[in-house]
Amino acid sequence: MKKAFWTASAAALALAGCSAIPAEVETTPVAVAEVSEDARVADLLSRMSLERKVAQLIQPQINSFTPEDMRRYRFGSYLNGGNGGPYGDEFAPASEWLRYADEMYLASVQPQENGEPIIPTIWGTDAVHGHTNVVQATIFPHNIGLGATRDADLLRRIGHATAVEIEVTGIDWNFSPTVAVARDDRWGRTYESYSEDPKIVAPLGAALVEGLQGAKGDPDRLGAGHVIATAKHFFGDGGTDQGVDQGEVNGDIEDLKALHAYPYPATIDAGVETIMASFNSVNGRKMHGNEALLTDFLRGELGFDGLVVGDWNGHGQVKGCTNTDCPQSLLAGLDIYMVPDDWKGLLETLVAQVEDGTIPMARLDEAVGRVLRMKMRAGLLDEFVKPSDRPNAGNYALLGSAEHRAIAREAVAKSQVILTNNGVLPLKEGANVLVAGSAADSIAQASGGWTLTWQGGGDLTNANFPGATSIWSGLESAVEASGGSATLSQDGSYTAKPDVAVVVFGEEPYAEFAGDRKHLGFPDTEGLELLRKFKAEGVPTVAVFLSGRPMWMNRELNIADAFVASWLPGGEGAGIADVLTGAMPATGKLGFSWPATCDFGPLNGPDGALFTVGYGRTLADTSALPTLDETCAPLEQGAAKDWYVSGRLADGVLANTATGKLDNLRGSAGGITARGIDRTAQEDARELTFSAGSILELVQGDGDDGYGYRIVYEVENRPLAPFYVKVGSGEPLDITQQLSVAAGKGYREMIITSACATDLGPTLALGSEGDFTINIGSIVREEFAEGTDCSF
């Protein structure tokens, strides 16, 4: 039933701390069949003040504003970030999410003194593999695993189940699906992509849209059991140089469109209501300010008539913009600014810019009209009903229901890709199975990032996932059901020799930015050491590898009797047991090329691939792999030359003054202040505060001049003036844009090699043309493999 025809008693809408929807607010359906969509939008716009129009384009996060702010400003929408939860509690029960939705909704529909029309707010969330910001929700595999299924019908069912669980908490809008075409697996968001092949991505993304919103022509589209979907991130997010998150995408524009924009027509044909602009640049221009692509291409060539929403302060990265001042984005075609914390300053600036003509009223009305049209299509303007009185709201039994978990279990089984198997699989009935590895009984590690918290993992334990099943638990049940026995031993120890050992290991959870890598070598040797231990003891092994991307695993592949790429399967570990025991067939196929080497460059297609897209064994395929090369230079490099020893950084000498030595990078001189700060230990890092025109030169007294530099750094706020790094006698490198991308994302690495520095001498200078603060964790002189690119 369409949301437009919900019924509710206005008298029943009272909420503690909020008023009920007043009687003077119309709550009966409008005869929409008699009035065109355009006419309804025009009528609403004609009765809205300038400030109320601008507020429809402002999307703050729940941690930075209050219901009182909502009542005062009437934001068109709001969101919760990956680490955000209602009332400051990211682990709040579902009932609190629903209570918060009611509170904000009711604040948005209070009568206004000037009699303006009431426009209810809507709540957006990143439910990227289930409604996984909320405790107890079903955790589906991440997209990289779903891409291995090639099953569009499964994606529709996952979308519908996710939409239902979102409705349980009163939320209206999902920032999903991600339809990125990931082309460099060093990118930390690779697992959000279905495949490196856009022809695999497109139908799966479209199917998820249909599952979330309902199919076009369906009378229940955007009604009960459905929410607003978002295709993201438009476009090129998966094609950045070196896989750097929010970085540069370069190349012939038509070639880039053919590759990275390929999935969008399918999602548009599926009726996606919103598209999210990407952080990255295309040929030097940030997408949040790219009129040629956001307007001319997306709306003109592709025919999209919906709403374009920004990403987290993405407008602030546009040249000449800040988080509170960016008319360029609206003029380029953005409709909603996602401005988590600086909402008030941006709202005031936009109002002033419309008043002074910087932003034409026609463009403002166009953007606001798109917001109104989206709400209208969802039935939210036809009748005012608080979230808790809508279909599925408050039915907490639907959150992580048996039906939804069964879909997730099916998805896990269909996503498993067997890379090699000498006959140890399927596990024999009655076998004595040892399950080893620290990841075996960790739902958090199996789920990856965007699970309860932004980065996932951390201090999360299985207790945070009621109703979910770890890989160990799934194996234990399946093995015992077959008449065998199962033992969990994380370190691989045992008293009675097992018939087979299943070793579960892989990447620790991460999300965007923090997940970027410099190469595809897997440095954690826990799994490798366990496999070697069992090999020496004559115990057959099955390697179950958890990862958000294909990685160089030659050592493990050489020694394991079977190797399964399990991706990030989520909360239904029994799906893995279904394949390992043969209860379900092995049907998963690679959506990404699997690397033969751990080289630094991107890998797409057969050249350099150990396994190509489409590879995946059945349980009957027991053919042997040839012995693989185990050489990986990035994992075997010798000791580096380090400026950071025992909690000390090198002495600093200011290049623009004859004196002013900063003793062990402490003190003030030459317009720079350096002080000790805590990173992982007491004052083991330095905060460097630059004033305009100041330069800091760090001198390394020894070491090979051919060595490059590895700098661990953190930027809390983007530079507002150019910032440079200079190595040896080379020309300064302007890294302002790279530091802007890094702002607010924690510590990351800067790599400087001969690829961008003409001289790698023993001096490193940092200079700023404006006031700026950067934190330095460590500076290492290191010998990099030939051809290593610079990255920031």
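The legends below describe close-up views of disulfides, a helix pair and salt bridges in a predicted model. Residues are numbered from 1 along each chain as its sequence is written, and side-chain values rest on heavy atoms, without hydrogens or water. Because the model is predicted, local features need pLDDT of at least 70 and side-chain atom pairs count only at pLDDT 80 or more, while totals for chains, interfaces and linings use all residues.

**View 1. The disulfide of Cys-321 and Cys-326.**
A disulfide is a covalent bond between the sulfur atoms of two cysteines; here the term is applied to a pair of cysteine sulfur atoms within 2.5 Å. Cys-321 and Cys-326 are joined with an S to S distance of 2.2 Å. The link of Cys-321 and Cys-326 is right-handed, with 65 degrees about the S-S bond. Cys-321 has a relative accessible area of 3% and is therefore buried; Cys-326, at 0%, is buried too. Buried means under 20% relative accessible area, exposed means over 50%, and partly exposed lies in between (1.4 Å probe, protein chains only).

**View 2. The disulfide of Cys-598 and Cys-632.**
The sulfur atoms of Cys-598 and Cys-632 are 2.0 Å apart. The torsion about their S-S bond is about 125 degrees, so this disulfide is right-handed. Cys-598 lies in the loop between β18 (594–595) and β19 (609–611), and Cys-632 in the loop between β19 and α20 (633–636), so the bond ties together parts that are 34 residues apart in sequence. Helices (H or I, at least four residues) and strands (E, at least two) are DSSP runs, numbered from the N terminus. Cys-598 and Cys-632 are both buried.

**View 3. The disulfide of Cys-756 and Cys-790.**
In this pair the sulfur atoms are 2.0 Å apart. The link of Cys-756 and Cys-790 is left-handed, with -95 degrees about the S-S bond. Distant parts of the chain are linked: Cys-756 sits in the loop between β29 (748–752) and β30 (763–768), and Cys-790 in the segment after β31 (772–782), 34 residues apart. Cys-756 has 24% relative accessibility and so counts as partly exposed, whereas Cys-790, at 9%, counts as buried.

**View 4. Packing of helix α6 on helix α14.**
Helix α6 (residues 152–168) packs with helix α14 (residues 402–415) at an angle of about 145 degrees, the axes being 10 Å apart. Axes are lines fitted to C-alpha atoms, for helices over the stretch in contact, and angles run from 0 to 180 degrees between N-to-C directions. The crossing of α6 and α14 is left-handed, a term for a near helix turned anticlockwise from the far one by less than a right angle, with clockwise giving right-handed. On α6 the contact is made by Leu-154, Arg-157, Ile-158, Ala-161, Val-164 and Glu-165, and on α14 by His-404, Ile-407, Glu-410, Ala-411 and Lys-414. Contact means heavy atoms within 4.5 Å. The contact residues divide into 6 nonpolar, 1 polar and 4 charged. In this division Ala, Val, Leu, Ile, Met, Phe, Trp, Tyr, Cys and Pro count as nonpolar, Asp, Glu, Lys and Arg as charged, and the others, Gly among them, as polar.

**View 5. The salt bridge of Asp-38 and Arg-373.**
A salt bridge is a side-chain nitrogen of Lys or Arg within 4 Å of a carboxyl oxygen of Asp or Glu, and the structure holds 38 of them. The side chains of Asp-38 and Arg-373 meet at 3.0 Å, N to O. Asp-38 is in helix α1 (residues 37–46) and Arg-373 in helix α13 (residues 361–377), so the pair ties together parts that are 335 residues apart in sequence. Asp-38 counts as exposed at 52% relative accessibility, while Arg-373 counts as buried at 15%.

**View 6. Salt bridges of Arg-363 with Asp-335 and with Glu-366.**
Asp-335 and Arg-363 meet at 3.2 Å, N to O. Asp-335 is buried at 0% relative accessible area, and Arg-363 counts as buried at 9% relative accessibility. The salt bridge of Glu-366 and Arg-363 has an N to O distance of 2.9 Å. Glu-366 and Arg-363 are separated by about one helical turn, because they are 3 residues apart in helix α13. Glu-366 is partly exposed, with a relative accessible area of 39%.
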